[in-house]
Structure formats: structure tokens, C-alpha cells
Amino acid sequence: MKTHFTKRMIDHMTPTAVRQTFTDDGHRGLTLIVYPSGVKTFYLTKKFRGRVHRTPLGRYPELSLAAAKSKASHLQLQYDAGLDPNEARRQARAELTLDEFFTVYYEEHCLRKNRRPDVARDNYARYLSPALGRLPLSHIHRDDIRHIMKRLAERGATRTANTSHTLIRAMLNKALAWDYLQTGKNPAQFIERYPERIRRRVLMTEELPRFHAALEKEPSEVNRDAIRLLLYTGARSHNVLAMRWAEIDLERGAWSIPQTKNGEPHVIVLTDQAVAILRRRKRYRESLFVLPGTGKSGHLEHLNKAWHRLLDQAGIDDLRIHDLRRTMGTQLANLGANQAQIQ
């Protein structure tokens, strides 16, 4: 669709179920693609040597409209001089470090394909970047990856070791497919993974009084309510943190989750405790989200610090936020509540 690009017009573009492509009628070849995820990316579209080339310029609003026009003009000059900027970029790709390539991988793959790109971003920053981030792609060897996995496994984090292996293997496969890695082989292939122990930890009956007493001392009300909703709904933390008022029917006592881990919608019958929390919060409603936050998402994004404060205060070890889901199933009789899925 050809249109006249303005900042106001781009700001008001809304995503649809399919990606939308717009071209600027005032700047030769400048293209904007709006992806279903809401990501807006500028490209230069140019027919060169009989083929249509689409060169990424950057994401909006990180790259402003004025900057996109400037970059597009610069690339147009290279094309007009008979040079292919994409070929020049391909020649430089072999020099990327793993950190530099992750930026490409995150924007070109995670944001488009992953339901939760933040998980890949956080896992990379925590487990792979410190040891491998500064290495050029061609300098990463199988023993480097094995060393990271072994170090995690020695701390008892065998599942994390396997998760780290999955991420770097996927990254290097893309590096090969996109011509960033010229060696022709992926050093993360054929690495033996660790057997994973099934975790059975729950919040035990005798721990509940200490847990609730410590939770009362948490200084942030939104953190307190988030942890209680995790306990009383048995839902995954990312669903609870992103809960919207539009998904809640307090009269029916139901929460309609639009998309769960398997990609399907799900309806949860809310416990009396969860309904009480939601009714109280709704009286002071200040956001589209039940648990508002200060980050870009608009909702509370993590509970790491609050969770560790809570466990320290309660004197509870080896309990993860995710364990509250299993607690929901085993402790509801003690809490005097019920949970069921609406068919």
C-alpha cells in the first residue's frame, strides 16, 4: 500500500493478523512493514540487477522516520553507483561477535517467531553472553559450549544447561543459514545433553503460615497481589503478570487467557481468594493491566527481587515461582478453594 509517511500516521498504525507493507509516496523505495507482533520495521526496497532487494534499515521508533529516510537515501546512492549494499554487508558478517549476532537473531527471529522473545533475551544475557559474547562467530568451538553446560550442571542446573545449548544451537543454525557463519558447520551440534530430573517441589502445608506471614511484609502491594494470584490461580507467571481487566469476568468468576504455552486460549474458574484480590484492585483501577508496571509492556514484568525477599523472610529454600503452579493442585484443599477448567 502506497501512502505518505508521517510520524503521526506511523504511530497510529495498528497490527493485524497478517503483516502489512506500506511504501512512502514521497521517498523512493522507503518501505515500512508492520508485523502481527506490533513490531514496525523500515526497509529499502530496490530493484537491482533484475532482482528485488529489501534491505532492513531499523525498527521504529528506535529508528525515527527522519533517520530512516536518511539511511534509505544513503543506500540508494550505493545502488545508483552500481554497488550492492547487501553484498557488502554479507562480506562483513563473518566478523560479527556472538553478541552482535544475537542482536540480529533477536530482531529477525525472536521478535517474529517466538511467543516470548524476552525469555531468549534473558537466557542469552545470563548464560551465554558473559563467556562467549565477545568471540567472533567462527571462534566459538564445541568445547566452549560444553564448558558452559558443565559449569551449570555442576550447580545442579541441568535443565538450564540444556536450555542454553538449545539457544546457542538455534542461533548458530541461523548464522549458517543467513551467511553470517562461513565455516559450514555448527559447533553446538552433537553435544550430549544432560538428563533432566523432574521437579516435584511444592509449597508444603507446614510452610504456608511462614509464607503468608512473610508475604504480608512485602513492601509493594502489586508484588504481594501478583504472588497471591500466582498461588490462587495456578497459572503460569507470564500469564498472571500480563493479565488484563478485559480478560476478567468477576460476575462469573472467570479469567479468559487469550493464549497459553501451547498457543491455545484457556478459561480458568477463579477461586474466591483470587476474586477478592481482583475486586479490591479494580476499585483502584489505573491501567488496562491488573498488575501495572513501569516498563515498556505496561505491566509488571518480573518478581525476582520480591520473590527472593519473601523466601529469605520465610526461611524457605529451593522454592521457585513456577512451583506455585504445582502447589495449586496439592494445597487447594488446605486453602479452602477449588479450581477447574471451563470446557
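Phe-190 counts as exposed, at 74% relative accessibility. In this predicted model, Phe-190 occupies the loop between helix H7 (158–177) and helix H8 (208–216). Its phi is positive, at about 65 degrees, although Phe-190 is not a glycine. Most residues other than glycine have a negative phi.

Arg-49 also has a positive phi, near 50 degrees, and is likewise a residue other than glycine. Arg-49 sits in the loop between E4 and E5. The relative accessible area of Arg-49 is 66%; because exposed residues are those over 50%, Arg-49 falls in that class.

Backbone geometry also stands out at Pro-61. The peptide bond from Tyr-60 to Pro-61 is cis, with omega near 10 degrees. Most peptide bonds are trans. Pro-61 belongs to the loop between E5 and H2.

The overall architecture is as follows. The protein has 13 helices and eight strands. Its C-alpha atoms fill a box of roughly 75 × 50 × 40 Å along the principal axes. The protein has 343 residues, and 43% of them count as buried. Among contacts with a separation of 6 or more, 56% link residues 24 or more positions apart. The accessible surface is about 19,400 Å². Carbon and sulfur atoms contribute 50% of that surface. The protein carries 58 positive and 37 negative charges.

Strands of a sheet pair through backbone hydrogen bonds. Strand E2 (residues 20–24) and strand E3 (residues 30–34) run antiparallel, with four bridges between them. Thr-23 has Thr-31 of E3 as its bridge partner. E3 also pairs with E4, in the antiparallel sense and over five bridges. The hairpin of E3 and E4 has five residues between the strands. In that hairpin, Gly-38 takes a positive phi near 100 degrees.

E4 is mostly covered, with seven of its nine residues buried. E4 and E5 run antiparallel and are joined by nine bridges. Lys-46 has His-53 of E5 as its bridge partner. Two residues lie between the strands in the hairpin of E4 and E5. The positive phi of Arg-49, near 50 degrees, occurs in this hairpin.

Strand E7 (residues 254–257) and E8 run antiparallel and are joined by four bridges. Within this pair, Ser-256 stands opposite Val-267 in E8.

Leu-270 lies in the loop between strand E8 (266–269) and helix H11 (272–283). At 7% relative accessibility, Leu-270 is buried, because the class covers values under 20%. Leu-270 touches Thr-233, Ile-248, Gly-253, Ala-254, Trp-255, Val-275 and Leu-278, leaving aside residues up to four places away in sequence. Leu-250 is 20 residues from Leu-270 along the chain. The C-alpha atoms of Leu-250 and Leu-270 are separated by 8.6 Å.

Technical notes. Residues numbered from 1 in each chain as written. Predicted model: local features only at pLDDT ≥ 70, side-chain atom pairs only at ≥ 80, totals over all residues. Heavy atoms only, no water. Buried < 20%, exposed > 50% of the residue type's maximum accessible area, 1.4 Å probe, protein only. Contact = heavy atoms within 4.5 Å. Areas by Shrake-Rupley, 256 points an atom, 1.4 Å probe, with all protein chains shown as cover. Lys, Arg positive; Asp, Glu negative; His and termini not counted. Charge placed at Lys NZ, Arg CZ, Asp CG, Glu CD. Pairing = 2+ DSSP bridges.
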